[in-house]
Amino acid sequence: MSQTHRPTVPAPAPGGAPDAGHVVVVGGGISGLAAAYDLAGAGARVTLLEASERLGGKLHADEIAGVPVDLGAESLLARRPEAIELARAVGLADALEPPAVLGAKLWTRGRLRPMPSGGVMGVPADLGPLASSGVLSAAGLARIPLDHVLPRTDIGEDTAVGTYVAARLGREVVDRLVEPLLGGVYAGNAYEISLRAAIPQLYTAARDGRSLIEAARELQRKAVAARQTGPVFNGISGGVGRLPVAVAGACRAAGVTIETGAAVRELRRRPHGWQVVLADRDLTADAVVVAAPAPAAARLLAAEAPAAAADLAAVEYAGMALVTMAFRRRDVHQLPVGSGFLVPPVDGRTIKAATFSSHKWGWLGKAGGDTFVLRTSVGRYGSEADLAWDDTDLVRLSREDLGEAAGLRAAPVAARVTRWEAGLPQYAVGHVGRVARIREQVGKLPGLAVCGAVYDGVGIPACVGSGRRAAREVLATLVRGAGDGAGE
């Protein structure tokens, strides 16, 4: 492409301030917004470019039947501080709200059953609640104690969660406990997901000891001893999707230029920084943060960091759909008390989970008045055929499963289907090593950093933390660059 007629546009310094370094953030999900927020707070001039017309990525607050809802992620892990800190910093402290009810169930073996307490991502630490729940068959329960006499399982540098847990406790524990819980986080397959990346505390225990049950008990003891006060999870009144909107507002107030519908086509390394190529112009930058999903990041890094791009291109994603429905409250009286239920894939249902949103979130119950909101999720990695159904059929199939599981036969007054194609990166076996290689290659290029759900965790706090890490990395580059220049 000829560059003779393309404008190269330096970012203006706000208010005529001297140039303190310009950083372009590529991607306007919560990771990119968090990076932009920290960069602006440190005095950098920031331009954030988002290819789509909406900021926030998988965080999306909207409405159904006039009631505010989340059409994407709906909760923040409160025990990890990054997202809560960011929400408070951008004016949402008073909107933080823990779930009004807890107690999800499992729809398995023909009925709703209590989720056994006292475990680590489905790995039981106490067999009493598991036995009384009816989740496992008698044969499945009888298999578990063999963990105490089996020789230590060698997992090497990494192994799949399902492979390791099945070797110690039997496949039923994986299929009916680990799969639905792990699938709720990654929309993935336990027999494909990395133990080291997804449940690092169990990976460490597996390398250090023999019994998985004893490892789970020790982790439970440590959790109790170190337990903080306050909720495990938090929501935001009006929806977690308010968070990226608030962060974007704070960024703009700090002088950040934010553009949507601005797809970056190419990144080019220049002697004193970077050239960011868009369809209609080029931008010059002292540093770039790539906060895009793995496929887009691979494309942008292909020329300058081909090894990192190859690793990113190898990351697979799971697609899923959320079916959000609004009912008349009088029509849902038969729903059990609790936040909803999970569905083990082995049971062969269409839905993978149901959330009784108006039960779970007090703010939503109040805002809805006589309207009750619930949602189901459909699709996971390796089992996405159901996503080929059109929206009307996904609503119908969800209603059929809800009728069988919870006796809900009423018709909704409104329904919305939100499709997240390539929604969640899959942390396959070897993922930790892959991320290390990507960062090693990216680190060889001054003024370049990466962040997002593909690297250190798919949860909102992990994504915020990833963005903040990227901001620190490029700020260190800017400081070094300024120091080098001053010494010449």
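Colleague: Which residue in E12 does Leu76 stand opposite?

Modeller: Leu76 faces Asn234 in E12. Keep in mind that this is a predicted model.

Colleague: How many bridges pair E6 with strand E12?

Modeller: Two bridges link E6 to strand E12 (residues 233-236), in the antiparallel sense. These strands belong to an open sheet of three strands, ordered E6-E12-E7, with antiparallel pairing.

Colleague: Why is one side of E6 and of E7 left without a neighbour in the sheet?

Modeller: Strand E6 (76-77) and strand E7 (96-97) are at the edges, and each has a single partner strand, so one side of each lacks a neighbour in the sheet.

Colleague: On to helices. What describes two packed helices?

Modeller: The angle between their axes and the distance between the axes. Take helix H12 (residues 306-313) and helix H16 (residues 431-443): the angle is about 150°, and the axes are 8 Å apart. Angles over 145 degrees count as roughly antiparallel, and H12 and H16 are therefore roughly antiparallel to each other. The crossing of H12 past H16 is left-handed.

Colleague: Which residues of H12 and H16 meet?

Modeller: From H12, Ala307, Ala308, Asp311 and Leu312; from H16, Arg434, Arg437, Ile438, Gln441 and Val442. By class, this contact of H12 with H16 has five nonpolar, one polar and three charged residues.

Colleague: At what angle do helix H5 and helix H6 cross?

Modeller: Helix H5 (residues 161-169) and helix H6 (residues 171-186) cross at roughly 145°, and their axes come within 8 Å. H5 passes H6 in a right-handed crossing. H5 contributes Val161, Gly162, Val165, Ala166 and Leu169 to the contact; H6 contributes Arg171, Val173, Val174, Val178 and Leu182. The contact of H5 with H6 has eight nonpolar residues, one polar and one charged.

Technical notes
Residues numbered from 1 in each chain as written. Predicted model: local features only at pLDDT ≥ 70, side-chain atom pairs only at ≥ 80, totals over all residues. Heavy atoms only, no water. Axes fitted to C-alpha atoms, helices over the stretch in contact; angles between N-to-C directions. Helix = DSSP H or I, 4+ residues; strand = E, 2+ residues; numbered from the N terminus. Parallel < 35°, antiparallel > 145°, perpendicular 65-115°, else oblique. Left-handed = near helix turned anticlockwise from the far one by under 90°. Contact = heavy atoms within 4.5 Å. Nonpolar A, V, L, I, M, F, W, Y, C, P; charged D, E, K, R; others polar. Pairing = 2+ DSSP bridges.
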